[in-house]
Amino acid sequence: MKSKINWTAFSKKEPEERIAMLSEKMLLSSANQDYLKKQALLPLDVANQMTENVIGRLALPFSLVPNVNINGDYYQVPFVTEEPSVVAAASYASKIIDKSGGFKTKLQNRQMIGQVALYHCDDLVKSKMAIKEAEKLLLDIANQAYPSIVKRGGGAKSLWTEEKDEFLIVYLSVDTQEAMGANMLNTMLEAISSELEKIAHADSLMAILSNYATESLVTATCEVRLNYLSRNKEEAKILAKKIELASKLAQVDIYRATTHNKGILNGIDAIVLTTGNDWRAIESACHAFACKDGQYRGLSQWQFNTKTQKLEGQLTLPMPIATKGGSIGLNPSVQIAHDCLGNPKAKELAQIIVAMGLAQNFAALKALTNQGIQAGHMKLQAKSLALLAGAQHAELPLLMKQLIKSKPMNLETAKSLLESIRNEN
Ligand code: NDP
């Protein structure tokens, strides 16, 4: 059981004070505390091993969303994002949802799918039957190609075929345990492809993992009590109905659906990135899942339940996330992120990530249907412009105040206001 942590005034503190609080709460080892305090980056020699033609490292803000209640456990969720307001919105939504009972999540399954695309098949029906008869042999070949995953309790589990145009596609489903499994599957698929060519009397065009991870689905749900939407009961009901309508709009209009899903991915990518996972893989899986019925749609659904008088949210996503493999063990900041979360297994991490997608979505829809998104963004936009204009920490409050009142609110205005402030002092 992960308990709620008292983070009084966490958002008002300086980064060094937040690091000290994390250490007090036993979320950071002393080595990791020193690492964060020194503002250490990924060591250059490690970066140079990770990709090619390395000339440096690019740093991004590393934040924490406190006390996210998922199935009764409280998680301290690490977020890496360059976008202002994402962390604040996730924290705000998580707090309201905690007070309304927290997130409930469910892992539907956790296997990765890969494919061998066969072509030049003389007789598709005969080839399909031959492959079906050889299923056990093919699964054995796949498992012999990657024996360590079988020892860990995973391995190739099933195989099936589908005809698409001139292709006979063979799909392999693999339990990849704690890994995402791209290299694992590719090894297995390449191992079975020459046997498949023989059995099916066909040629293999390619053998590769699919990022459409329909066997790694996770569902997160939550309820929001009306009093957290507005103190005025009637206003709260109107807002709940507007959020339901906004969810409907994202089902029928692709322009809205794309932005609706971008908001969900604001929360998803922020954890996927910080936990050292392949965010392109997750992005492509989620977008493909958004058009599973032929039309690109919003990934979440919200309904106002008139019986319970609560707003109900639901989000199902493919979430083939890993806690081992790839570059996860190489980046010290990634280890800190896993430590903050309490080092969850892949199945648990996948559920935390989908819950954060739903939190982010709720915050965006509430802002959009209430005061509009710009009201909340004005202050953050003013801060970005003030910083871009060259304002120092102490100059920010006054410059931001003047900037919000000015028209047009742009960099030129920020620079000229900063100059006047400096001339007056
Ligand atoms: P790896 O190739 O790193 O394989 C997983 C590693 O984790 C293995 O070395 C495995 O050890 C180790 N491991 C340790 N403990 C466990 C455990 N409990 N369960 C599972 N593995 C464990 O990673 P993946 O195969 O997951 O591939 C992911 C990488 O592939 C990412 O970097 C991704 O960016 C990249 N990639 C993605 C593609 C895509 O998405 N289409 C395509 C190609 C690459 P052992 O071998 O001893 O079992």
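**The ligand and its surroundings**

An oxygen atom of the ligand lies 3.3 Å from a polar backbone atom of Ala182, where a polar contact is a pair of N or O atoms within 3.5 Å. What you see is a predicted model, in which local features need pLDDT of at least 70 and side-chain atom pairs count only at pLDDT 80 or more, while totals for chains, interfaces and linings use all residues. Residues are numbered from 1 along each chain as its sequence is written, and side-chain values use heavy atoms, with hydrogens and water left out.

An oxygen atom of the ligand is also 3.2 Å from a polar backbone atom of Met180, and for the side chain of Asn183 the distance from one of its N or O atoms to a ligand oxygen is 2.8 Å. On its own the ligand has 940 Å² of accessible area, of which the protein covers 69%, as computed by the Shrake-Rupley method with a 1.4 Å probe.

Which element gives the largest share of the shell around the ligand? That is α8, with 3 residues; helices here are DSSP runs of H or I, at least four residues, and strands are runs of E, at least two, numbered from the N terminus.

Let me turn to the sheet. Its 4 strands form an open sheet in the order β5-β6-β4-β7, with antiparallel pairing, and two strands pair if DSSP finds at least two bridges between them. Strand β4, residues 112-119, is joined to β6, residues 167-175, by 7 bridges, and Ala117 stands opposite Ile169 in β6.

Definitions and conventions:
Polar contact = N/O pair within 3.5 Å; in protein donor to acceptor, adjacent residues only side chain to side chain.
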